[in-house]
Amino acid sequence: MLLARIFTLYPDFFPGPLGKGLYGKAMEKKIWDMETVNIRDYATDKHKTVDDTLYGGGFGMLIKPDVLAKALDENLKGDDKIYYLSPKGKLFDQKLAKELSKEKKINLIFDLYFFIPINIFVISYTFFIFCLRSINNII
């Protein structure tokens with residue numbers, strides 16, 4: 001069975017449409033399952049703050065690297081792959097879908113932030129990170 005683990009600030013978005021139609025039937029038949037990890041749960045202050053300011057100022061929002069790193073540390077094993085959904089990522093097409101279908105576990109970082117501090121991955125993790133974007137280039 002495939003496990004899709006989704007790291008997000010919006011766990012209520014899931015399963016959403018993925019719990020309906022063919023995806024929902026496949027989930028009922030235990031072909032795949034979904035687990036959400038609320039990144040906000042790993043914030044340490046009383047307000048559960050996850051926003052950070054951009055280094056050097058500028059436009060956009062940044063997720064706090066320590067909060068995201070803690071969520072990943074506590075939920076992943078050393079050989080897990082992470083797929084970060086980003087408009088700048090590799091296009092998700094049929095070839096990539098076939099490759100991913102061979103995996104037993106897929107970890108996705110789903111966010112509505114403009115910036116994720118990629119340096120935490122380079123410094124902290126020995127597993128692979130792939131950036132993916134949707135087939136319609138909207139994500």
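## The model

This is a predicted model: local features need pLDDT of at least 70, side-chain atom pairs count only at pLDDT 80 or more, and totals for chains, interfaces and linings use all residues. Residues are numbered from 1 along each chain as its sequence is written, and side-chain values use heavy atoms, with hydrogens and water left out.

## Overall build

The protein has four helices and seven strands. Both are DSSP runs, numbered from the N terminus: helices are H or I with at least four residues, and strands are E with at least two. Along the sequence, the order is β-α-β-β-β-α-β-α-β-α-β.

Of the 139 residues, 37% are buried. Buried means under 20% relative accessible area, exposed means over 50%, and partly exposed lies in between (1.4 Å probe, protein chains only). The protein exposes about 9000 Å². Carbon and sulfur atoms supply 58% of that area. Accessible areas come from the Shrake-Rupley method with a 1.4 Å probe; for residues, only the protein chains shown count as cover.

Contacts tell us about the fold too. A contact means heavy atoms within 4.5 Å. Take the contacts between residues at least 6 apart in sequence: 77% of them join residues at least 24 apart.

## Three salt bridges

A search of the whole structure finds three salt bridges. A salt bridge is a side-chain nitrogen of Lys or Arg within 4 Å of a carboxyl oxygen of Asp or Glu.

R5 pairs with E35, and their closest N and O atoms are 2.8 Å apart. R5 sits in strand β1 (residues 2–8) and E35 in strand β2 (residues 32–38), so this bridge ties together parts that are 30 residues apart in sequence. R5 counts as buried, at 8% relative accessibility. E35 is partly exposed, at 30%.

## Two bridges from one loop

D80 and K105 form a salt bridge, with N to O at 3.3 Å. D80 is in the loop between α2 (65–73) and β5 (82–91), while K105 is in strand β6 (residues 105–109), so the pair links parts that are 25 residues apart in sequence. D80 is buried, at 5% relative accessibility. K105 is partly exposed, at 26%.

E103 and K81 also meet in a salt bridge, at 3.2 Å from N to O. E103 belongs to the loop between α3 (94–100) and β6, and K81 to the loop between α2 and β5, so this pair joins parts that are 22 residues apart in sequence. E103 is partly exposed, with 24% relative accessibility. K81 is partly exposed as well, with 25%.

Most residues other than glycine have a negative phi, and most peptide bonds are trans.

The peptide bond from F14 to P15 is cis, with omega near 5°. P15 is in the loop between β1 and α1 (21–28).

K30 has a positive phi, near 60°, and is not a glycine. K30 lies in the loop between α1 and β2. At 57% relative accessibility, K30 is exposed.

K48 also has a positive phi, near 55°. K48 is found in the loop between β2 and β3 (51–52). K48 is partly exposed, with a relative accessible area of 33%.
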